Each structure stands twice: as structure tokens, then as C-alpha cells.
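Visitor: I would like to learn how to read a model like this one. Please take me through it step by step.

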Amino acid sequence: MNRKWMIWIVAPVLLTVLYGCPKKKPATPAQDLDVNTTTVTPPPPTQEVTPEPVATPPQDTVESNPLDSPDLQVVNAELQRRGFSPDVYFDYDESSLSDDARAKLARNADLLKTTQLLVTIEGHADERGTNEYNLALGDKRANAVRDYLTSLGVDAGRLRTLSYGEERPVCTESEESCWSQNRRGHMVITGRANMG
Amino acid sequence: MRSRAIHLAVAALLLGMGLTLPRIFAQEPPAQPPQEEQQPGNVTLVLPGNQQFKPIKLGIPAFRRLGALAGDAARAADEMEQVVRQDLQNSGYFTISGPEAFQGLQLTGDLARDLEAYRTTGVETLLLGDLRAEADKIVFEGRLFDVASGQAILAKRYRGALPVARRIGHTFADEVILFLTGQRGISLSSIAFTSDRTGQKEIWVMDYDGQNQRRITGHRSTSMSPAWSPDGESLAYTSFFNGPPGIYLAELASGRKRPIVNSGSLNTTPTFSPDGQRVVFARSVDGNVEIFVTGRSGGDLRRLTHSGAIDTNPSWSPTGGQIAFTSGRAGNPHIYLMDEEGSNQRRLTTEGDYNDGAAWNPTGDLIAYTSRRGGRFQIAVTNVVTQATQILTSGPGENESPSFSPDGRHIVYVSRKSGTKQLYVMDLDGSHVRQLTNEGNNDMPDWSRLPAQR
């Protein structure tokens, strides 16, 4: 608490020392993200401050990074535009990750590591089997996704699991084409670390 | 429950004949305790179904209406008569001859002579009912006669407000059952279940015969896995209304809901210990679901399984001491047993490739569960000692989630044979299937224990 105000003094000073005067950001947000993260990685506090050093109203013309949007729908959409896969799929009664799922999660991990976003990993099952066992199976699937993302360097503290079992199907026909869509780990951005 | 019983103002009055009425049918064997064929490896399971009990031939002529019964009172009288007939029919203890069977009899109104007439029909016991209105109440008098001796063997009188007509009927039916069989009836028991008829899965309760369906939760989320407390006054259940699934307690009389366990990412499938003081349930820990026990108000959390595979859907044996649960530790879900401290874990089911949802019978010797056989889910029953197993349902329709009646003679379960999930009751031998629900999808039934002794 007490030290929080100091950041507003220390950070601009650091910024000035490191980069000279703060510059206008480059035009495209995608590049913006890359530039920021690659160059700023060493001192974490600066990264935290870069977006809006002083309380600037949003209508200010400074182009903002969509990943910084307070609207999490915008954030989810932007992440997907950059190659984030919201869903990985499982075989029947399985909670182990396929090669395809691992490849998607590797890309997701790379993207997540450039942000401080919080992710809820939902575990889902198809309608076959009992609701009770499927709830446990969904939990195991969500945890398989979480464990793999963590092994790739995503901070476990940013990942939350939530099993819905067979209670929230995306598809309701009783056939394999539909069941396969329901056996999934679904990743949703639900917040941001270090946000007041 | 209790307050409603008081509300009833049901006055039971033994008319008698100045004598202590003999239980003349005491020689009727009370439902035999299940005698299993003990040979190991023999999968034939003799279930304590109706086939072992010789049904009592019971005659029930149309109840008499004394005096003017109009409007609501007439409807209440009709309903009460129908409830008595239906309860006795549902019990499976009787072969009932209704009013039609007696149409040809020359009845005089003189009881001694009329009993002669009834004797010719082969009925062993005769049930006569009288109904009349008294101010805004209905009065019902039911009498049982031993046809052979012509003696009155049971007489009861009830007086209550019209809305409790069904309850009076249930109460009398159970008195008849207790008197003639020595067994407590189930007519006043209830079934908790989930229904999505309001658009979301909520917890509901209904009478054992499917009547009086009422919603218990209004979380507008997903609520499931209701489990009766042994005293029948509250339900533990799982709900997502607060985000991650937690376990909550609903008190039926007050309508109050409170959390039992809602920390962590997943808590599901609660059931009570036989004394009602503890709850066993499944909880996600270290990336997997395991079985835990907690106090009825939460706290004192103790872990019972450490398998690394899914362990879920536990059920405490009614006689205490053991917990049945589902585990995926052998690859597929199967039913396991353990002592209630978590020791002595052992596999019960060996047949079928997907077994879940263990439900004990009241005497603790049988477990019913959902078993996948040949790609289809069916209701199976296994003897916990001999492991003899019998499949009670057949055909398509995904039959799931069994729960025993408090007398152990019936099973409520879910079937999809109509296209939606509905609740059905069958006798323990798979016969006499009756549909209880038809609105929306209805699932996860849990049959209450017997209501507290009145």
C-alpha cells in the first residue's frame, strides 16, 4: 500500500533513463505488444506502467492495445485473432492431451506469457456416462490443460479450473460429431493480474 | 415435515370393539430377508421382490359417502379414496379387488350378511371406507375385516382440512400395510430430484407417487445431486450458483440454504452418514477428484482416498461402517467399497465397462447402480457379500441413477426411453414400472428414508 505511490515517481524516471522521453506508440497494436514485451522484459515495474503512465481518460487518442481493454470480450477476441485456441478436444473418457491439443496449448502458452491475463480453464464432457462421473472427468481434463500450460512456463497462479461435466454442452445432438465438440478444455480470459 | 404433520390435525381414533384387536395376520411372513444363493461364482441373485411374498387378497368396495359431499369436499373425498387404493396397489403386498368385482353381489347393508357375499369372491380381507364432510373438514373412517371370521381387525378415523386429503389417505394406507404385513409402508416418503423444467436445473421434491412436485432451489444456475438427511428435514446438494461447484444444505421447512463446503474448484455428490452428522462427498485436490468427509455444517475436512484416478459419487451404507464409491483406478469406472475411515478399499463390480452411482438398500446388503452392458446403460443390483449381480432393466433408453425406497422393495431411477429424462419406479425384480414425471428433464432421484415415527 504505502509503496504503491512510489511507482509513479520511480517508473517515469526509469523510463526516461532507459528510453529517453516517452514516445508515441507505433501504429499497429500487434507490433506494439511485441515491441513492449521483448524490450521491456528485464525490469517488470516498467512493463506495468507503460500502457498509461498517468490517469488518462480513455478518449485520449493514444492507440491502446486491445489486450489492455477492460472489456474481456475484446481481449478474448484479440487473443484469438493472434492465434489463441480457446478449445482443445479429448477422446472419449480420456483426460490425456493429444498432439494436436499440445500444439494448440504451446501457442496459447506463448501468447499468455506476454500478458498478465487470468485464464479460467473449463472442463467439459459429452453426455454419455453419468453426470456425476462426467463432472469429475471434466475436472481432470481442465487440470490436464492447466498442468501443460504451467509446464510451458505460464504462472499457475493465473490459471483457474472449473469443471462443468456434461452440464454445458456446446452441441446437443446425440451423435459423435456433436459429442466430440463437447469433450473439451475451454479457455476463457476472466481477468487480469495486477489490476486494481 | 413435522410442523405439517401437526397442521394436519389428523385425529386417529381406534374404534375397536372394546377388545384389543388381534393381529390375525401375524402369521403372514413379513417380507423375507433376502436369502442369497451362496455358491461363489453363481450370478443368480434372488432379490427380495414380490415373488417371495404371497399377496394378500384384499377387497376394497367403493367407499361410502355419508351425507352431502359437494364441490371441493367431494373432490377431496374422491382423491382420498383413490390414494388409499393406489398406495395399497403400489405397495405390492396385495391383490386388490376393486368395486367392479363386487357389482354382481347382493349386498344388503347388513355387514354380517354382506361378509358372506364377499366371502364368495375369495377375498381374505375387506377394507370398508366411509367419507363425510364436517364443516370445512373431511372425515374418513376406514375399517378392515377378516372375511373368514367376520371380525373387524382394524378401525381408524381421520378428520382434516380438505388440502390434506391425500395425506390422510397415505397415512391410512400405511396403517393397513403395517397391520397386515408388519412392515412400515412408504406412502408418506418423498423423492428429491433435479428438474430443468424452469429452464435451469434446480432441486425438486415430490411425494413418492409423483404427486405434489415442488421446487426447492431457485438458484437459476445448475444444481444437482440432492441427498436427503436421514431425518428428512433437509437436502444436501451440489450447485454452481456461486461459480465453482460447492455443496450446500437446503432446510425444507425454513427454505434456508447454507454452504457446507464451497472452497476449492470442485465439490460434488454429497451423501449423509446414517446419523446425519457427517457428509461424504467428492472434491478436486491436486488436479484430481477424491473422496472426503466433512461435518454436516462443514469443517473437519478429512480425505479418504488417494488413488490419483477419479474417485467420486460416494454413498454411506445405511447401517454405517462402509462407503461405496466410484473409481476409475482400474481404467474404467467401477464401484468400490471402503471402511468409513478410508481403509480396506476394494472393488465390488467386475461386470460391465462403466459402473457408477452406487445406492444402498435400507438393510445394507444390496447396492443398485448404473451399469453399461453392451453399450447401453442399465440398472444393476449387486449383493455386497456374495457379489451376485442382476440387471433389472433392459432395452434402449439409458436407464440410470437408481435409489431404493425406504422399505427396500422398489427402486426409483431415470430413463430416457420417452426421449427425455424422466423418473420411473419399479419393483425390485424390475416389474411394475410406473412413470412419475413428465415435465422437462428429471434426473438424479434420491428417495427419502421413512418419515419420523408419528
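Visitor: What percentage of the 196 residues of chain A count as buried?

Guide: This is a predicted model. In chain A, 31% of the 196 residues count as buried.

Visitor: How many helices and strands are there in chain A?

Guide: Chain A has 7 helices and 4 strands. Along the sequence they follow the pattern α-α-α-α-β-α-β-α-β-α-β. Now look at contacts in chain A with a separation of 6 or more: 73% of them join residues 24 or more positions apart.

Visitor: Take strand 10 of chain B. How many of its residues are buried?

Guide: Strand 10 of chain B has 6 of its 6 residues buried. Its antiparallel pairing with strand 11 (residues 234-239) of chain B runs over 4 bridges. One bridge joins B:S223 to B:S239 in strand 11. The hairpin of these two strands has 5 residues between them, and B:G232 there takes a positive phi near 70 degrees.

Visitor: Now strand 7 of chain B. Which residues lie on each of its faces, and are they buried or exposed?

Guide: In a regular strand, side chains alternate between the two faces of the sheet. In strand 7 of chain B, one side holds B:S190, B:A192 and B:T194. The other holds B:I191, B:F193 and B:S195. Both faces are covered, and all of these residues are buried.

Visitor: Which strands pair with strand 7 of chain B?

Guide: Strand 8 (residues 202-207) of chain B pairs with strand 7 in the antiparallel sense, over 6 bridges. B:T194 has B:I203 in strand 8 as its bridge partner. Strand 30 of chain B also pairs with strand 7 in the antiparallel sense, over 4 bridges. There, B:A192 stands opposite B:D446.

Visitor: Which residue takes a positive phi in the hairpin of strand 7 and strand 8 of chain B?

Guide: B:G199, with phi near 110 degrees. That hairpin has 6 residues between the strands.

Technical notes:
Residues numbered from 1 in each chain as written. Chains lettered and ligands numbered in written order. Predicted model: local features only at pLDDT ≥ 70, side-chain atom pairs only at ≥ 80, totals over all residues. Buried ≥ 20, exposed ≤ 12 C-beta atoms within 10 Å, placed from the backbone. Pairing = 2+ DSSP bridges. Contact = placed C-beta atoms within 7 Å.
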